[in-house]
Amino acid sequence: MDGKFQNQIPTPMDYSLKDTADALIKTVKGRPDGKPKGSIPVVPFDSKAYLENPEDQVIWFGHSTLLLKASGVKLLIDPVFGDYASPVRYFGPKRYSDQLPAQIEDLPEIDAVIISHDHYDHLDYGSILKLKEKVKQFIVPLGVAGHLTKWGVDPGNIQELDWWEEVSFQGLTIVSTPARHFSGRGGASGGGSTLWSSWAILGERSKIYYSGDSGYAPHFKEIGSKYGPFDLTLMECGQYDEKWANIHMTPEESVMANLDVQGKRMIPVHWGAFTLALHSWTDPVERAREAAGNLNAELATPRIGETVFVEAKEYPNANWWGDVD
């Protein structure tokens, strides 16, 4: 419609310029508990252990940046290694932690980078510049290749997928699945120029689902029916507000979405790094934990940099954020 990508169901985003400005001012001013006062614990990346351990595993780098290994294939999802989730360096939402588990230079060669959509907190120019020489393949939604080629990524190293399209990659099946969101690097008014996706990663030993950014909608049950059950889901859980309820889930909806896709265990992501909404910085994980308890869902709550083994019987579930002053 009008040459732009559309959601599966109506998704009103009637934000006036005044609404956007008011939200930005409130977010910048913040609230006392909008970000941690103390330092967040970060587990340093152990490259040797990551490379030598054959088990399927996930390492959360904060927000939605995730390092995976599935069937021996090294994957990096939505790599944002900069200090700011913003188009302008040194301005905007600043990362909570002073350090990451590893810098890009410390990572091994990556087999594939998977991008969910082109917003600044998921597609970072500086990170792509550093990654492009050590990544074999970029797998992205339709239209996102335009950003990458502009930044010097070889077009031959990019695969673009529409919803429900699959690619076979080094023994994995990687599927671009629907999400309920929008795109564009200029705000909601410019949305639709590129596609937004969630992703199913299907390996020999396990199946992993990443929600990308999404409002709650029927596509989760459809994905579960087609590709579930999933051994682990990486589910958006943070940066929500009643004004954008159609494009971001509340923590309770995130847990429901995990059940809809038939997830056996969920890691809440899209929190723990940047303040992009007006809730407290711990609200996402605290509410998700309560909802998981009420719905008998398994929730893993790793520290940033802590490895989660997909098939393990035990998993990180400590209330680590409660120790941050």
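Predicted model: local features only at pLDDT ≥ 70, side-chain atom pairs only at ≥ 80, totals over all residues.
Strands S11 and S12 pair in the parallel sense over four bridges, and in S12 the bridge partner of Leu 234 is Ile 267.

**Overall form**

- The C-alpha trace of the chain spans about 50 × 50 × 40 Å along its principal axes.
- A compact globule of 325 residues would have a radius of gyration near 20 Å, and the chain, with 18 Å, agrees with that.
- Of the 325 residues in the chain, 56% are buried.

**The six-stranded sheet**

- S11 and S12 belong to an open sheet of six strands in the order S7-S8-S9-S10-S11-S12, with mixed pairing.
- Its edges are strand S7 (166-169) and strand S12 (266-269), each of which pairs on one side only.
- From one strand to the next, the twist averages 15 degrees.
- Strands of a sheet pair through backbone hydrogen bonds, in either the parallel or the antiparallel sense.
- Strand S8 (residues 172-177) pairs with S9 in the antiparallel sense over five bridges, and Thr 177 has Ser 198 in S9 as its bridge partner.
- Strand S9 (residues 198-202) is also antiparallel to strand S10 (residues 207-210), with four bridges between them.
- A hairpin of four residues takes the chain from S9 to S10.
- Across this pair, Trp 199 stands opposite Tyr 210, while Leu 202 stands opposite Lys 207.
- S10 runs parallel to strand S11 (residues 232-236), and three bridges join them.
- Tyr 210 has Leu 234 as its bridge partner in S11, and Leu 234 in turn has Ile 267 as its bridge partner in S12.

**A closer look at S9**

- How many of the five residues of S9 are buried? Five of the five are, so S9 is largely enclosed by the rest of the structure.
- Both faces of the strand are covered, with Ser 198, Ala 200 and Leu 202 buried on one side and Trp 199 and Ile 201 buried on the other.

**The seven-stranded sheet**

- Seven strands form another open sheet, ordered S6-S5-S4-S3-S2-S1-S13, and here too the pairing is mixed.
- Strand S6 (158-161) and strand S13 (307-309) are the edge strands, each pairing on one side only.
- The twist in this sheet averages 20 degrees from one strand to the next.
- Within the sheet, strand S2 (residues 66-70) and strand S3 (residues 73-77) are antiparallel partners over five bridges, and Leu 66 stands opposite Ile 77 in S3.

**Salt bridges**

- Side chains of opposite charge can pair when their charged atoms come close.
- The model has 10 salt bridges, and the ones below are among them.
- Lys 136 and Asp 111 meet through their side chains at 3.1 Å, N to O. Lys 136 lies in strand S5 (residues 135-141) and Asp 111 in strand S4 (residues 110-114), so the pair ties together parts that are 25 residues apart in sequence.
- Is Asp 111 buried or exposed? Its relative accessible area is 2%, under the 20% cut-off, so Asp 111 is buried. Lys 136, at 39% relative accessibility, is partly exposed.
- Lys 136 and Asp 111 also belong to a network of salt bridges that includes Lys 74 and Glu 109.
- Glu 298 and Arg 265 form a salt bridge at 3.0 Å, N to O. Glu 298 is in the loop between helix H7 (283-295) and S13, and Arg 265 is in the loop between H6 and S12, so this pair links parts that are 33 residues apart in sequence.
- In that pair, Glu 298 is partly exposed at 34% relative accessibility, whereas Arg 265 is buried at 8%.
- Glu 306 and Arg 303 form a salt bridge with their closest N and O atoms 3.3 Å apart. Glu 306 is buried, with a relative accessible area of 19%, and Arg 303 is partly exposed, with 33%.

**A nonpolar patch**

- On the surface, Met 256, Leu 259 and Leu 295 form a nonpolar patch that together has about 210 Å² of accessible area.
- Met 256 sits in helix H6 (residues 251-260) and is partly exposed, with a relative accessible area of 31%.

Methods
Residues numbered from 1 in each chain as written. Heavy atoms only, no water. Patch = residues over 30% accessible without salt bridge, like charges linked within 9 Å, V, L, I, M, F, W, Y side chains within 5 Å. Areas by Shrake-Rupley, 256 points an atom, 1.4 Å probe, with all protein chains shown as cover. Salt bridge = Lys/Arg side-chain N within 4 Å of Asp/Glu carboxyl O. Helix = DSSP H or I, 4+ residues; strand = E, 2+ residues; numbered from the N terminus. Buried < 20%, exposed > 50% of the residue type's maximum accessible area, 1.4 Å probe, protein only. Pairing = 2+ DSSP bridges. Axes fitted to C-alpha atoms, helices over the stretch in contact; angles between N-to-C directions. Rg over C-alpha atoms; globule rule 2.2 N^0.38 Å.
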